[in-house]
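The following note is meant for reading alongside the sequence and the structure. Each numbered point takes up one part of the chain.

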Amino acid sequence: MDYLAGLNHSQRAAVEQTEGPVMIVAGAGSGKTRVITYRVAHLIRKGVDPFNILVLTFTNKAAKEMRERIMSVVGQEAKNIWMGTFHSVFARILRVEAELIGYPRNFTIYDTDDTKSLIRAILKEMNLDDKLYNANHVYGRISSAKNNLISPQEYNKNEAIMAEDIANGRPQMGQIYLTYAQRCYRAGAMDFDDLLFKTNVLLNKYPEVLHKYQHQFKYLMVDEYQDTNFSQYLIVKRLAAVNENICVVGDDAQSIYAFRGANIQNILNFQKDYPDVQVFKLEQNYRSTKMIVNAANSVIEKNQNQLEKNVFSENEDGEKIKVARAFSDNEEGKIVAEAITQERALKNLRYKDFAILYRTNAQSRAMEEALRKINVPYKLYGGTSFYQRKEIKDLIAYFRLTFNPNDEEALKRVINYPRRGIGDTTLEKILVAADQQQYRLWDVVVNAQTFLDGRSANAVSNFGLMIQSFQAMAKTNSAFDTAMHIAQHSGILKDLYEDKSVEGLSRYENIQELLNGIKEFSEREDIEEKGLDVFMQDIALLTNDDNDKDPNADTVSMMTIHASKGLEFPVVFIVGLEENLFPSQLSLNSRSELEEERRLFYVAVTRAEKKLHLSYATSRYRWGTLNNCEPSRFLDELNPACLELDFKPRSTVMEAGGNFQSERMAWKQKDTESFSKPKPKVVKTTSILPKAHVPTPGFAPSDTSTLQVGMEVEHERFGFGKVVNLEGNRPDIKATIFFKELGQKQLLLKFAKLRIVQ
Ligand SMILES: Nc1ncnc2c1ncn2[C@@H]1O[C@H](COP(=O)(O)OP(=O)(O)OP(=O)(O)O)[C@@H](O)[C@H]1O
Ligand SMILES: [Mg+2]
């Protein structure tokens, strides 16, 4: 079979144009990612060694999916393609080359927490007001300097930058950046931005290294090119300079990361950088119905800054976009949850055909609660990663120290955890000693008897000896044996085991889960190097989506719009369409920021294949207080012919075909209207959800046909409970279960995920 048969004429032309610079700027759903996927398969079929292909994607998940598709065409060879996010690919290269730029190969990757904790420590040492020099703000400033390739030395020499900091009342920013960079260096650590910054340093300073990779990566492809920052842009440009076989795809209308330094100009300048570029246009949207494509076009045309594009669909006309109004965020959740259940039954869909998208993570609470109430299974994407949990980070800090004892954030984290008599004063003394003598903290630890006295010297030196024993252990033992040994001998396992609270138990189980993961890793047959150091390498770059145990599970997906980029779902709900939320309050000051919010809305709308639902609430809790909300201006901007209102408009103008503007006015004069729904009571709330249950490791639902009253069960989310009643006939048996944490609940057995405990 012709493996390129699944492409239209222009897509195929873009795939077959394998040589020279190629650019595809095209609207959402037009097959850009598909072109990259097929292009890689095509190259390999033509005889190109997968090792010579580099593909940069926006998420690890996207890379994984792409690799699987390519594998289905070319087979196992696809394993050798260099494919992943900028951060993961260049972290891998830096591991090989780090020593050239003065870093150990086992350098640590500082995650956001490590970075902020280091910044706070520096602010404290410099006696700076941490309100004025807010750690997040400082982090943002350093990050943006690095992404623009401004080193700390250049920063301090740059008069314009210094003047800006002085004008903002933060004259010490340059000094903070300098100290921060020195501390990272001393610790053998790179933060996320360093992975790109140091790659640039490496490629700039070492022509032979640049040369090596230029010749290795004969073909380069970049997806979502509109969201690359300057640092990423330059890496790609340098690597492609010899062969110029570079293909970038993107959509300027979907550029949504300007706040993180992404520069839409990169796509606009591509033609200047490569005058002989071949440009391909893709205009047909294969993803969505005509209705959705029309609605999306009607929104994005309101932006002044955009490239002309014509996007059309030849799919079915499709249903109108449903707009729902709720009187509170909780009611909005209820409307969404009920719509999912109904539509699923009516159209014979699966839960995984649905996605709920929101502007801010905080909005997930009301949605989650509503879904739980009627037993709709869901998965939250982009929440905190498993590897960000405290207990996991603690154990990993011991691993980090074992392989890089200079890792100061890891050292500070566990030097006295579990408690071993090294108090804050002693730690302070170690920090001061290191600073005064220009030593690394680790040097002070191993020479504790010189710097400290008495009991604390002994405690610190024993800590050092313990880490050294871990290092010796790691040299000759498997990843799992080493990890287990460290978990036991550091005292972490014992400390968690002794904590019998529910949280303590779940922390203990998480550690077990981590150890299980390491065991699986030790037993993998597809990789050669299986040491704990290899397992550790990219942990800081993982998100919870990468830790997805069961990607095929039938669950509703919930995520922010930012996280939904590149994805698609048959039915999409965009919730919280209210002024000051979406568009966000912070974006209302400038046109460019408002345009970015509009692009974000465009991204959200274009995720839907068959059906789109929009909703807003007229009141919502934010920061603990109840606020009145107005419908979002984006509702006005959609072509009204595409909309179907699910409620009786409050304004007569709107009812007569007017717009949400009039609905907003009517809302302002709300007293003149009568409400059918009761107003919510104003009460301050904290989360009313009980703590999420963490299923026992290896949780697998049992066959419930043998379930009897009196049995103990574990529910995936509700935790442990006892069956108190069973009623109805198969397959519609209802079980009443008394859950320890939640009390009594009735569940339909055919849907409930229960494990029979005994
Ligand atoms: N020629 C084609 N025939 C059939 N289906 C296609 C074709 N081209 C693309 N598709 C399908 O259309 C959908 C959108 O494609 P793809 O995700 O590659 O678009 P995209 O341009 O990358 O979108 P986005 O801008 O959202 O990233 C996918 O489901 C893809 O498989
Ligand atoms: Mg795509």
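1. Valine 323 and leucine 645 face each other, the leucine being part of strand E19. The model in which this is seen is a predicted one. The strand E11 covers residues 321-326, and its pairing with E19 is parallel and runs over 3 bridges.

2. To which arrangement do these strands belong? The sheet is open, with 7 strands and parallel pairing, and its order reads E13-E14-E12-E15-E16-E11-E19. At its edges are E13 (378-380) and E19 (643-645), each of which pairs on one side only. From one strand to the next, the twist averages 25 degrees.

3. A helix also packs on this sheet: H17, made of residues 364-373. Helix H17 touches strand E12 (354-358), strand E13 and strand E14 (556-560). The direction of H17 makes about 160 degrees with that of E13.

4. The division of the chain may be considered next. Domain 1 consists of 9-99 + 197-282, and domain 2 of 108-187. Domain 3 is made up of 321-385 + 546-645, while domain 4 spans 388-542 and domain 5 spans 689-757. Between the centres of domain 1 and domain 5, taken over C-alpha atoms, the separation is 48 Å.

5. Which residues does the "binding site" annotation cover? According to the unreviewed UniProt entry, they are Ala26, Gly27, Ala28, Gly29, Ser30, Gly31, Lys32 and Thr33. Of these residues, Ala28 is included in the lining of the second largest cavity.

6. Glycine 27, one of the annotated residues, is located in the loop that joins strand E1 (22-25) to helix H2 (32-45). Is glycine 27 buried or exposed? Its relative accessibility is 1%, and because a residue under 20% is classed as buried, glycine 27 is buried. Leaving aside residues up to four places away in sequence, glycine 27 touches Lys32, Asp251, Gln254, Leu282, Lys309, Val311 and Tyr602.

7. When residues up to four places away in sequence are not counted, glycine 29 touches Gln284, Asn285, Tyr286 and Arg287.

Methods
Residues numbered from 1 in each chain as written. Chains lettered and ligands numbered in written order. Predicted model: local features only at pLDDT ≥ 70, side-chain atom pairs only at ≥ 80, totals over all residues. Heavy atoms only, no water. Domains from an automatic or database assignment. UniProt positions renumbered as here; feature names shortened; annotations may be inferred. 1 Å grid on protein atoms, 1.4 Å probe; cavity = no way out; pocket = protein on both sides within 12 Å on 5 of 7 lines; lining within 4 Å. Helix = DSSP H or I, 4+ residues; strand = E, 2+ residues; numbered from the N terminus. Buried < 20%, exposed > 50% of the residue type's maximum accessible area, 1.4 Å probe, protein only. Contact = heavy atoms within 4.5 Å. Pairing = 2+ DSSP bridges. Axes fitted to C-alpha atoms, helices over the stretch in contact; angles between N-to-C directions.
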